[in-house]
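Below are some notes for a colleague who is about to look through this model. They are set out as numbered points, each on one topic.

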Amino acid sequence: GWRSSFLVLVPLGAATLAAAWRSLPPDRPARREGAPAFDAAGMLLLAVTLGAYTLSMTVGRGAFGVLNLLLLVATVAGLGALRAVERRSPAPLLPAAMLRDRALRAGLATTALTATVMMATLVVGPFYLSQGLGLDAARLGLAMSAGPMVAAACGVPSGRLVDRLGTRVTTLCGLGGMTAGAAGIAMLPASLGIAGYVAPLMVATAGYALFQAANTTGVMREVPSDRRGVVSGLLTLARNLGFVTGASLMGTIFAVAAGAGHPGAAPAEQAMLGLRATFGVASVLLIAAIAIAARPQPARPTER
C-alpha cells in the first residue's frame, strides 16, 4: 500500500539524523545582552497568511469558487498587516532593508517561478504518463526517476561550472535549459511516446540543477553571517510557494485543457492537449524568469 512508501523513509531519516548529530560541528552563537526579542507577532501573521494562500490554492479540487476568493483576500490583508507589524518591530522577521536588495528579490522571484514549473513535472507528468500513455505504476515510477537521477548527476558539475563561469552566466544557462526542456515537452509529437516526455524532462532537470547552484550562490554571496539563516529561509519560502502554486495552477491548466473536472479524470485522448497547454504556460513563466535574471544587477566585488 501507499503507506509503505513513507514507512521506508523512517529508517533513512533516522540514519540521516544520526549522521548529522555526529558530524555537524557545534554552532552556538553567543547571546548578546539587550538583543530584541523574537518577532512572535510577525511569525504568527506570516503563518496565517501562508496558510490562507495555501488553502486558496488547494481547496475546491481545481475549481475556483467564493471560498478561494475569500482566502486570497485574506492573504492580501495578511500581507498588509504583516508589513505594518514588521515596520514597528524592533527585530523584524523580514527586514525591509534586506528585501530592498534587487539581487535578492530577483533570486527569490526566479526561485518561485522555477519551482512552479518543476512542480508541473511532479504533478502533471504522472497523469500524462498513466492516462495518456497507459503506463502502469512500475513503469511510471521508472520514467519519473529520470529527473532525480539527472539532478543527482548534475549536482557537482553544476557547482564547478558556477565557480568557473560566475553566477550570472550559469543562472541564465540553467534557465535556458529549463525553457528548452519545457518547450520540448510542449511541442514534441505524441508519437515519440515515453521518450518524447522523458528526454526533454532530463534537459529541464539538468537546467534546474544548474540554476539552483547558481542562484543560491548568487543570493547568498556577500550575505553577513548573522543574516544567512534569514536569507536561506526566504529561499526555502519562495521555493515552497512555487511548489504550492505549481501543484494547483499547473494541475488546473492540465485539467481544463484536457476537458476534465480534475487531472485524474482527463480522457486518454485529451491528455496530450493538457500536457501541451501546461508546459506552454511553463515556458512563458521561464521566459519571465529569464527576463528577471537578465536585468542588470548592482556590481559586487566577487562577481566574475
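**Notes on helix packing and aromatic pairs**

1. Leaving aside residues up to four places away in sequence, Thr179 touches Ser283, Leu286, Ile287 and Ile290. Please keep in mind, here and in the points that follow, that this is a predicted model. Thr179 has its place in helix 9, which spans residues 167-187, and with a relative accessible area of 14% Thr179 falls under the 20% limit and is therefore buried.

2. Helix 7 (residues 137-144) has Leu140, Ala143 and Met144 as buried residues. These residues cover an arc of only 95 degrees around the axis, which means that they sit on the same side of helix 7. On the other side of helix 7, Ala138 and Leu142 are exposed. The cover over the buried residues of helix 7 includes helix 6 (102-132), helix 8 (146-165) and helix 10.

3. Helix 10 also takes part in a helix pair: the axes of helix 10 (residues 194-220) and helix 11 (residues 228-257) come within 10 Å and cross at roughly 145 degrees, and the crossing of helix 10 and helix 11 is right-handed. On the helix 10 side, the residues in contact are Tyr208, Gln212, Asn215, Thr216, Val219 and Met220, and they meet Arg228, Val231, Ser232, Leu235, Arg239 and Phe243 of helix 11. By class, the residues of this contact between helix 10 and helix 11 comprise 6 nonpolar, 4 polar and 2 charged.

4. How many aromatic pairs does the count come to? With ring centres required to lie within 6.5 Å, the count comes to 3 aromatic pairs. One of them joins Trp2 and Phe6, whose ring centres are 6.1 Å apart and whose planes stand at 85 degrees, so this pair is edge-to-face. As for solvent exposure, Trp2 and Phe6 are both exposed.

5. Another of the pairs is formed by Tyr128 and Tyr197, with ring centres 6.0 Å apart and planes at 45 degrees, so the pair is tilted. Because Tyr128 lies in helix 6 and Tyr197 in helix 10, this pair ties together parts that are 69 residues apart in sequence. Are these two tyrosines, Tyr128 and Tyr197, buried or exposed? Both Tyr128 and Tyr197 are buried, whereas Trp2 and Phe6 are exposed.

How values were computed. Residues numbered from 1 in each chain as written. Predicted model: local features only at pLDDT ≥ 70, side-chain atom pairs only at ≥ 80, totals over all residues. Heavy atoms only, no water. Axes fitted to C-alpha atoms, helices over the stretch in contact; angles between N-to-C directions. Helix = DSSP H or I, 4+ residues; strand = E, 2+ residues; numbered from the N terminus. Left-handed = near helix turned anticlockwise from the far one by under 90°. Contact = heavy atoms within 4.5 Å. Nonpolar A, V, L, I, M, F, W, Y, C, P; charged D, E, K, R; others polar. Buried < 20%, exposed > 50% of the residue type's maximum accessible area, 1.4 Å probe, protein only. Arc of directions from axis to C-beta. Phe/Tyr/Trp six-rings, centres within 6.5 Å; stacked < 30°, edge-to-face > 60°.
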